[in-house]
Structure formats: structure tokens, C-alpha cells
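My notes are below the display.

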Amino acid sequence: MRSRFLNFCLGRAALYEALGWIHAFPAHSFRVCSSYESASKPSSSPSMRTFCFLLAETARDAGLPDWVQLIALFHGVGEAVKVLDPSNTGDMAESIYDWTISSRSGIVGCKIPQRATSSFGEFRPLNVDEEDPRFNSDIGAYQAHCGLENVLLMWSGCEYVYYLLRHNHATLPDEAFAMLRYFLLVDWHAHHDYSSLTNDIDDDMLPFVQEFVALRRRVKLSCVDCGDLTDHQCNFLWDIHYANVAAKYNCDHMFDW
């Protein structure tokens with residue numbers, strides 16, 4: 001996946017344009033409605049664009065730094081690859097899986113935390129790395145305390161956005177990149193697994209990641225049935241505030257995807 005997507009040859013588009021594209025995708029991708037609910041009223045579940053704006057606005061109302069607001073706004077734009085590369089990625093959910101949808105992440109190349117496989121432990125023997133001495137220890141293929149910056153995470157939409165921002169020279173602080181890349185790494189920030197691989201820098205980043213996780217969870221729960229923001233509302237918020245923040249951190253130009 002890295003070889004395929006980190007060449008950034010899908011096309012060029014501004015991040016704000018990508019926000020418009022993810023208006024086509026639901027914020028609650030795994031939500032299941034009862035047959036009664038589906039028949040009695042149309043779904044009011046918001047789009048991913050609406051969720052990103054609501055998350056950014058909640059961060060702004062809370063007085064969080066503008067770079068937190070920007071990560072909140074752009075963390076979901078990984079789904080835009082389904083628009084940029086529809087011939088290859090449009091049927092991912094049916095053919096393999098849709099890696100652009102946020103779900104729990106993990107570090108590959110080392111032992112999987114026991115907690116991570118408790119729900120579907122019966123499938124753990126299917127992982128061939130379990131019997132491979134190169135990968136079945138706490139350190140695995142890495143050096144002890146090498147730091148999360150130097151490990152490979154499961155491929156996801158947020159992992160792609162992390163490299164997208166790096167490749168296109170975004171000037172966000174390290175804390176912003178840590179929030180974006182690690183908020184899905186639940187076994188680390190919630191349960192303190194992977195301690196054989198983390199270092200002092202990761203310890204410093206942990207509170208920022210945890211705060212972003214709590215913020216995102218709070219907004220996610222509050223907007224299950226909220227209405228979708230209109231194009232006019234999104235354009236207004238962008239023009240009065242987020243365009244200036246994006247320019248401040250070199251996130252307002254055309255990006256290579």
C-alpha cells in the first residue's frame with residue numbers, strides 16, 4: 001500500500017477541495033439502523049465533511065491551538081482517494097476492505113497486544129507472524145525504544161493523510177502530526193502497550209493524542225443524528241477562519257495526492 005499510494009501520483013488538489021469530496025461519505029460508516037428507523041424517517045447522519053467541521057469548531061470553541069483545529073478539519077480527507085482514483089479504489093469495500101475508514105490501528109512487525117485480539121481471538125492462528133521469531137516478540141523487527149516515528153502502522157486513511165501532509169511540506173508542529181498519526185493506535189494511548197518500542201518523545205506526545213481522542217469521541221457521539229452542513233455554511237467557516245489557519249501552516253496550496 002505504501003508503494004502504491006506514497007508515490008503521490010493520483011493527481012493534484014487543494015485540501016479544501018478534498019473536504020468537498022468527502023461530503024459524499026458518511027461520518028458514521030459502520031452505523032446500522034433498524035428497519036423501523038430506516039422506514040420511518042430518512043437518515044440524518046452527517047457527512048464526513050460535516051463531522052470534520054464540527055470537530056474543528058468544537059476545538060476552536062474550546063480555545064485549543066489553531067493547529068489542533070486544522071488537524072481536526074483535515075484528519076478525514078484520506079477518503080478523497082476514492083474520488084481521485086475511482087477505477088482502482090472505488091470498490092475497495094467490496095473487493096478487499098476500505099482502508100480510508102477510520103478504525104483501530106496497530107504496529108506491524110511485532111507481537112500483537114493480547115487485548116487487540118480478544119474480540120476475535122479465534123482468528124489469531126491465521127496470522128503467520130505469530131510463529132515467526134522475527135515478528136512475534138514485543139520488539140519484533142525494531143530496535144528497543146526506537147520511537148513510534150520509526151515503526152510501521154497498519155495502513156489507514158489517517159496514515160495516508162499523515163504522509164500526505166509531510167510530503168507536501170505542511171509546517172504543523174510535531175504534536176499535530178502525532179495526534180493525526182496515533183489517535184487510532186488505541187492500544188498505546190489507552191492501554192500503554194508497545195512500551196518496548198516507545199521513547200521519551202512519545203511520552204511527551206501522549207497527552208496531546210489523548211486529548212484529541214477525547215475531543216473526537218465527544219463530537220462523534222453528539223452528531224450521530226445532526227443535520228449536514230450546507231456548502232454555504234462550510235464556505236463561510238473556511239473563509240472567515242480556516243483559510244487563514246491553513247495558510248499559516250502551508251496547507252493552502254495544491255497538494256500532490
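The model is predicted, so I kept to its cut-offs: local features need pLDDT of at least 70, side-chain atom pairs count only at pLDDT 80 or more, and totals for chains, interfaces and linings use all residues. Numbering runs from 1 along each chain as its sequence is written, and side-chain values use heavy atoms, with hydrogens and water left out.

Entry 1, helix H9 (157-167). I used DSSP runs numbered from the N terminus (helices H or I, at least four residues; strands E, at least two). I looked up burial (buried is under 20% relative accessible area, exposed over 50%, partly exposed in between; 1.4 Å probe, protein chains only). In H9, 8 of 11 residues are buried, among them Glu159, Tyr160 and Leu165. Just after H9, I found histidine 169 with a positive phi of about 65°.

A nonpolar core is a set of buried Ala, Val, Leu, Ile, Met, Phe, Trp, Tyr and Cys residues joined through side-chain atoms within 4.5 Å. The largest has 77 residues, and Ile107, Leu165, Leu172, Cys251 and Trp257 have the most contacts inside it. H9 and helix H12 (200-222) are among the helices that each supply at least two residues of this core.

I found methionine 154 in the loop between strand S3 (152-153) and H9. Its relative accessible area is 40%, so I logged methionine 154 as partly exposed.
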